[in-house]
Amino acid sequence: LSSLPLSPSPPLSPSHSLSPSHSLPPSHSLPPSLPLPPLQVIHWNSPKKLRVKNKHVEFFRNLYLTFLEYDGNLLRRELFGCPSETDHNSENLQKTLSELDEDDPCYEFRRERFTVHRTHLYFLHYEYEPSTDHTDVTLVAQLSMDRLQMLEAICKHWEGPISLALYLSDAEAQQFLRYTQGSEVLMSRGNVGYHIVYKEGQFYPVNLLRNVAMRQVNTPYMFLSDIDFLPMYGLYEYLRKSVVQLDMANSKKALVVPAFETLRYRLSYPKSKAELLSQLDMGTLFTFRYHVWTKGHAPTNFAKWRTATTPYRVQWEADFEPYVMVRRDSPEYDRRFVGFGWNKVAHIMELDAQEYEFVVLPNAYMIHMPHAPSFDITKFRSNKQYRVCLKTLKEEFQQNMSRRYGFAALKYMTAENNS
């Protein structure tokens, strides 16, 4: 808040900083018809001035904090008589939305694909020194406020650059700022890019968030992860070595990092593959989603991985959704999938359609940490219409794949029908 008038009062002391740049000129410099008004100004240009001491400070502090937590969507209306370069885009968007059938039971799902979200890239300071060997890898993930506690742990496990998309309200963005400022771990890391996508609409735009984070990657490779996974210690360097070993620069490969999970909130994180296998045998760890969705990671072939010492290729199967490292120029995620369900499956299918090879790394692993169910998975489980719409979107996606890739995409239709 800058240059806001105060009511008449005794002058403030210099230490309480009436800004000299905003002081009024001498009365003799004003036209005779304009008497000098009894006006004082406080230049509220620094958070430190929250600590200023004068009788008006509570009023200004409350006003300042109100604006910090203001819903920015209320400020999106165009100024009167002020044309914008986005007017043409807005017209196209309105035309697209008008073509949607509002009586369609899946209308809200379809509309979400075209929602324009306010986005603040690099919300905090970011520094990245490019490596000279062209093997650098950025970890990519997305999150909302309820997963914020994972950030410090991930930073301890992954020393390389990170690109994160955060889905927050304006008020939550300020809470996030205070959280990071209070964390020695996060404040010591300059190579983490935080990109805020402000909340709007009914669904969690998971694939939009992933795309936002991917677009800000400035390394040749990216490891597409999720915020509730902890990568093994040393995975960053291992992936960089794999870039050279598997000639990633000159081939289309997706390197699969096998995924495991624990049901324990306190886990002694395995420091080697041997230790991980021991915890698997003891029942402390399981292959990811073993109990509820085996198909998602079955093609990884965990039985083979146990004894593998060299990378091995696996074939795509229906519902395959591994976590992979790919080149930065790989396809983005399909925005039609929001909330829970099929968001990663569709992306892996796209990679397969573009003839990426899936290569499992024999000494890599990541572990999913337990947490309460998300709001979206709860809706998926409890709302029949949600599941019906997801099935409809899946079918439309597969039809699009057939049009784009022709005969080669036939296997996706048959695999789905057989699954």
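Is phenylalanine 114 buried, partly exposed or exposed? It counts as partly exposed, because its relative accessibility is 28%. Buried means under 20% relative accessible area, exposed means over 50%, and partly exposed lies in between (1.4 Å probe, protein chains only).

1. **What you are looking at.** This is a predicted model: local features need pLDDT of at least 70, side-chain atom pairs count only at pLDDT 80 or more, and totals for chains, interfaces and linings use all residues. Residues are numbered from 1 along each chain as its sequence is written, and side-chain values use heavy atoms, with hydrogens and water left out.

2. **Phenylalanine 114 in place.** Phenylalanine 114 sits in the loop between α3 (107–112) and β3. Helices (H or I, at least four residues) and strands (E, at least two) are DSSP runs, numbered from the N terminus. In sequence, phenylalanine 114 and arginine 336 are 222 residues apart. In space they are 8.8 Å apart, C-alpha to C-alpha.

3. **Strand β6.** Start with β6, residues 192–198. Seven of its seven residues are buried. Both faces are covered. Val192, Tyr194, Ile196 and Tyr198 lie on one side. Gly193, His195 and Val197 lie on the other.

4. **The partners of β6.** Two strands pair if DSSP finds at least two bridges between them. Strand β5 (residues 162–168) runs parallel to β6, and seven bridges join them. Strand β3 (residues 119–120) pairs with β6 in the antiparallel sense, over two bridges. Now look at isoleucine 196. It is the bridge partner of leucine 166. Isoleucine 196 is also the bridge partner of histidine 120.

5. **Aromatic pairs.** Rings of Phe, Tyr and Trp (its six-membered ring) pair if their centres lie within 6.5 Å; planes under 30 degrees apart count as stacked, over 60 as edge-to-face and the rest as tilted. The count comes to 19 aromatic pairs. One of them joins tyrosine 167 and tyrosine 204, edge-to-face, at 5.5 Å centre to centre with 90° between the planes. This pair links distant parts of the chain, 37 residues apart. Tyrosine 167 is in strand β5, and tyrosine 204 is in the loop between β6 and α7 (206–215). Tyrosine 167 is buried because its relative accessible area is 5%. Tyrosine 204 is buried too, at 14%. Elsewhere, ring pairs link Phe109, Phe203 and Tyr386 into a cluster.

6. **Arginine 118.** Check this side chain for two contacts. A charge sits over a ring if NZ of Lys or CZ of Arg is within 6 Å of the ring centre and within 35 degrees of the ring normal. The charged end of arginine 118 sits over the ring of tyrosine 198, 4.3 Å from its centre. Arginine 118 also forms a salt bridge with aspartate 170, with the closest N and O atoms 2.8 Å apart. That pair spans 52 residues, from the loop between α3 and β3 to helix α5 (residues 170–181). Aspartate 170 counts as buried, because its relative accessibility is 13%.

7. **Other salt bridges.** A salt bridge is a side-chain nitrogen of Lys or Arg within 4 Å of a carboxyl oxygen of Asp or Glu. The count comes to 16. Among them is the pair of aspartate 281 and arginine 306 (2.9 Å, N to O). Aspartate 281 lies in helix α9 (residues 273–282) and arginine 306 in helix α10 (residues 302–307), so the pair ties together parts that are 25 residues apart in sequence. Aspartate 281 is exposed at 56%, while arginine 306 is partly exposed at 33%. Another salt bridge joins arginine 336 and aspartate 334 (2.9 Å, N to O). Arginine 336 is buried at 6%, and aspartate 334 is buried at 16%.

8. **Two backbone angles to check.** Tyrosine 122 has a positive phi of about 50°, although it is not a glycine. Its place is the loop between β3 and β4 (137–144). Tyrosine 122 counts as partly exposed, because its relative accessibility is 29%. Aspartate 247 also has a positive phi, near 50°. Aspartate 247 is found in the loop between α8 (235–245) and β9 (253–257). At 38% relative accessibility, aspartate 247 is partly exposed.
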